[in-house]
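Q: Hi! Could you walk me through this one while I have it open?
A: Happy to, let's take a look together.

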Amino acid sequence: MSACPDKAMLIHGLLDGELDAINAAACEAHLTTCEGCNAEYQRLIALREALATPGVAHRAPERLRAGVEALIGAEAGSEPARPIRRAAPWAASGVAGLLAAGLAVMLVLPQVADNGLEQQLVASHVRSLLANHLTDVATSDQHVIRPWLNGKVDVAPPVPELAPEGFPLVGGRLDYIDGHVAPAIVYRRRAHTVNLFVWPAERRLFDGGRMVRREGYTVLEWTAGGLRYAAVSDIDPGDLRQFKAAFEAHSPDPSH
Amino acid sequence: MGERKPFFRPRLAFSRDARPPREPDHARQFREVVLPHLDAAYNFARYLSRDPTAAEDIVQDAFLRAFKAFPNWRGGAPKAWLFAIVRNCFLDWVAGGGGAHKVLVDEGALSEAQAQALANVADPDQTTPEEALIRRREAETLRAVIENLPEPFRETLVLRELEELSYKEIAALTAVPIGTVMSRLARARQMLCDMLQPQGAALQEARR
């Protein structure tokens, strides 16, 4: 007992609710009289029920969900800044407003600028975690990365191997930070990635560096030897400090 | 610097809070309209690539592209729109040599990992541990059988049966006429039924 060959498409169409009313009625009528076609129809229904078993369709892993969330946050944040227009209401409310606006210009604007920078750093970090984005030169050999960077950027940061300290060197990449083409040196901490961005320092930060948490990522910035460093990762802030200490311990100190 | 606390620059109380906490409208809208299809996008990418790691990369990449293209989205079904982007990301991954050097995974480890993943899947109408176990096995078998379908039949079947796209949507997405979608789907179902034949009967029994 087999289905009528000329009815096969109609049966699928009926199952999928894709037939118009006339064809659907005709097909249903046929099923009541043709055992073969009816058996085929029942078989397809059973298949559909089986495919609806929970666990057949994959669900996005939590890590992916978190990654996409962070991506939206980072990308949304890197859009043209809005805070500027907040200054207007203060300015409009007389002397106190002017004073506040003056303070705001002094104290808020540098903050806003830096927020933009950290937003950029986090966005670059998140982007680097996407497919095939992490490294332009994938090597754990520091003697390969330095010459590779040499012709491409105007900074020559130290590229120490930190595997003994628990941060193996993965490779290097070119990125664009704060108006500079900046190298990103990529390290790993277990399953996590640390991006270390380097560009010329315009001013000195305090020796302890500056740590900012944003979208679940930690940005640790410091300056050394005329260079500005920013390490970005989702590892524990304590681990990131440890990374900075290891990096500094293995870098030749240019200030001596 | 050792014991010193992380250094934070002083901030005016309002310097931080005064910043509008809300995101640009289009990010909020993106979360409402596109993000709910994350599971579907992953499912699609996963069955296309048959590689869990690649599927995550593809979906991340797709969401980045989708977010950037979102201001140009002209309405219509967001799921089909997102799927078109996922599919392009998948094709880029293939073009980039992805899948060619597919890692062979130890079967035992795979089913264990799958079982573990499945253990996390909420199953509202499970009653006994035995029944849950049978369902889990069923799901595992079905996943394996779908993965064994050749393309383009696998893609068509997943889009129709798991993601419930219409013939028209599938035709637009895969750039073939509706007639081709129909014949692919019929063929895919036929192959699935054949592969499930021995288990098929048992499956039906178990459900009774």
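Q: Great. Let's begin with a helix contact in chain B: which residues of H8(B) meet which residues of H9(B)?
A: One thing before that: this is a predicted model. On the H8(B) side you have Glu155(B), Thr156(B), Leu159(B) and Arg160(B), and they meet Tyr167(B), Ile170(B), Leu173(B) and Thr174(B) of H9(B).

Q: How do the residues of that contact divide into nonpolar, polar and charged?
A: For H8(B) with H9(B), there are 4 nonpolar, 2 polar and 2 charged residues.

Q: And at what angle do the two axes cross?
A: Roughly 140°, with the axes of H8 (residues 153–162) and H9 (residues 167–174) of chain B coming within 10 Å. The two helices are therefore oblique to each other.

Q: Left-handed or right-handed crossing?
A: Right-handed, as H8(B) passes H9(B).

Q: What about H5(B) and H9(B), at what angle do they pack?
A: About 30°, and the axes of H5(B), which covers residues 78–95, and H9(B) are 10 Å apart. That angle makes H5(B) roughly parallel to H9(B). This crossing is right-handed.

Q: Which residues make the contact there?
A: From H5(B) it's Ala80(B), Phe83(B), Ala84(B) and Arg87(B), and from H9(B) it's Glu169(B), Leu173(B) and Thr174(B). By type, the contact of H5(B) with H9(B) has 4 nonpolar, 1 polar and 2 charged residues.

Q: Zooming out, how many helices and strands does chain B have?
A: Chain B has 10 helices and 0 strands. Its pattern along the sequence reads α-α-α-α-α-α-α-α-α-α.

Q: How much of chain B counts as buried?
A: 43% of its 208 residues. As for contacts in chain B between residues at least 6 apart in sequence, 65% join residues at least 24 apart.

Q: Switching to chain A, then. How many helices and strands there?
A: In chain A you'll find 8 helices and 7 strands. Of its 256 residues, 47% are buried. Taking contacts in chain A between residues at least 6 apart in sequence, 58% join residues at least 24 apart.

Q: In what order do the strands of the sheet come?
A: E1-E2-E3-E4-E7-E6-E5, in an open sheet of 7 strands in chain A with antiparallel pairing.

Q: Which strands stand at the edges?
A: Strand E1 (137–138) and strand E5 (210–214) of chain A. Each has a single partner strand, so one side of each is left without a neighbour in the sheet.

Q: Let's go along the pairings. Over how many bridges do E3(A) and E4(A) pair?
A: Over 6 bridges, in the antiparallel sense, with E3(A) running over residues 180–189 and E4(A) over residues 192–200. Within that part of the sheet, Arg188(A) stands opposite Thr193(A) in E4(A).

Q: And E4(A) with E7(A), over how many bridges?
A: 7 bridges, antiparallel again. If you want a landmark, Phe197(A) stands opposite Ala230(A) in E7(A).

Q: What about E6(A) with E7(A), how many bridges?
A: That antiparallel pairing also has 7 bridges. Leu227(A) in E7(A) is the bridge partner of Ala224(A). The hairpin of these strands has 2 residues between them, and Gly225(A) takes a positive phi near 55° there.

Q: How many of the residues of E7(A) are buried?
A: 7 of its 7 residues, so to speak a strand that is mostly covered. Leu227(A), Tyr229(A), Ala231(A) and Ser233(A) point one way, while Arg228(A), Ala230(A) and Val232(A) point the other way, and all are buried.

Q: Which strands does helix H8 of chain A lie across?
A: H8(A), residues 237–249, lies across E3, E4, E5, E6 (217–224) and E7 (227–233) of chain A. The helix runs at about 25° to E6(A).

Q: Last topic: which residues of H1(A) are buried?
A: Ile11(A), His12(A), Gly13(A), Leu14(A) and Leu15(A), in a helix that spans residues 8–15. Just after H1(A), Gly17(A) takes a positive phi of about 65°.

Notes
Residues numbered from 1 in each chain as written. Chains lettered and ligands numbered in written order. Predicted model: local features only at pLDDT ≥ 70, side-chain atom pairs only at ≥ 80, totals over all residues. Heavy atoms only, no water. Axes fitted to C-alpha atoms, helices over the stretch in contact; angles between N-to-C directions. Helix = DSSP H or I, 4+ residues; strand = E, 2+ residues; numbered from the N terminus. Parallel < 35°, antiparallel > 145°, perpendicular 65-115°, else oblique. Left-handed = near helix turned anticlockwise from the far one by under 90°. Contact = heavy atoms within 4.5 Å. Nonpolar A, V, L, I, M, F, W, Y, C, P; charged D, E, K, R; others polar. Pairing = 2+ DSSP bridges. Buried < 20%, exposed > 50% of the residue type's maximum accessible area, 1.4 Å probe, protein only.
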